[in-house]
Amino acid sequence: QVQPVESGGGLVHAGDSLRLSCTTSGRTFTTYALVWFRQAPGKEREFVAGINWSGGPIYYADSVKGRFTITRDNVEKVMYLQMNDLKPEDTAVYFCAADRGLYTDAVRRSSPGAYPYWGQGTQVTVSL
């Protein structure tokens, strides 16, 4: 079992950048694929980005392609989501989740139910 822990959220202005981090408890970090989901008030939880245990493949939601970058450091045991050119519509609670691998099927990969392990989330607020 693995427990993701997120950090790095905050309040920024449109156009700013922010970097989220995700670590996991225990010594199993390198064997898990890690993903980011986000949930805005009144909306469903949506897939943002995912990275397999080895660093690839990597997947992004269309809404963040070209602005967000997901990376992981298996030595330091931390995964990052670099978010650039933030927009007010990026405002949400961002969750890190883990599973043994990433589905190649986009529908399954984008389903919150596909991931058994979740962090508590970190708030990102982007103001105009």
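Two strands are said to pair if DSSP finds at least two bridges between them. In this predicted model, strand S2 (residues 10-13) and S11 are joined by 4 bridges and run parallel. Within this pairing, glycine 10 stands opposite valine 124 in S11. Tyrosine 94 has threonine 122 of S11 as its bridge partner. Strands of a sheet pair through backbone hydrogen bonds, either parallel or antiparallel.

Thr122, Val124 and Val126 make up its covered face, whereas Gln123, Thr125 and Ser127 make up the uncovered one. In a regular strand the side chains alternate between the two faces of the sheet. Threonine 122, found in strand S11, counts as buried because its relative accessibility is 11%, below the 20% limit for that class. The side chain of threonine 122 reaches the backbone nitrogen of glycine 9 at 3.1 Å. Beyond its neighbours within four places in sequence, threonine 122 touches Glu6, Ser7, Gly8 and Gly9, as well as Leu20, Ala92, Val93 and Tyr94.

Another part of the fold is an open sheet of 4 strands, in the order S1-S3-S8-S7, with antiparallel pairing. Strand S1 (4-7) and S7 are its edge strands, each pairing on one side only. On average, neighbouring strands of this sheet are turned by 20° against each other, direction ignored. S3 and S8 are joined in the antiparallel sense by 5 bridges, and serine 21 has tyrosine 80 in S8 as its bridge partner.

Strand S8 also holds methionine 79. With a relative accessible area of 0%, methionine 79 is buried. Its contacts, leaving aside neighbours within four places in sequence, are Leu20, Ser21, Cys22, Phe29, Leu34, Val35, Trp36, Ile51, Ile70, Thr71, Arg72 and Cys96. Glycine 55 lies 24 residues from methionine 79 along the chain, and the C-alpha atoms of the two are separated by 9.8 Å.

In soluble globular proteins, nonpolar side chains tend to be buried together.

Setting aside neighbours within four places in sequence, phenylalanine 68 is in contact with Arg38, Val48, Tyr60, Leu81, Gln82, Met83, Asn84, Leu86, Asp90 and Tyr94.

Lysine 43 is located between S4 and S5 and, at 59% relative accessibility, counts as exposed. From lysine 43 to alanine 92 there are 49 residues in sequence, while the C-alpha to C-alpha distance in space is 9.5 Å.

How values were computed. Residues numbered from 1 in each chain as written. Predicted model: local features only at pLDDT ≥ 70, side-chain atom pairs only at ≥ 80, totals over all residues. Heavy atoms only, no water. Contact = heavy atoms within 4.5 Å. Helix = DSSP H or I, 4+ residues; strand = E, 2+ residues; numbered from the N terminus. Buried < 20%, exposed > 50% of the residue type's maximum accessible area, 1.4 Å probe, protein only. Polar contact = N/O pair within 3.5 Å; in protein donor to acceptor, adjacent residues only side chain to side chain. Axes fitted to C-alpha atoms, helices over the stretch in contact; angles between N-to-C directions.
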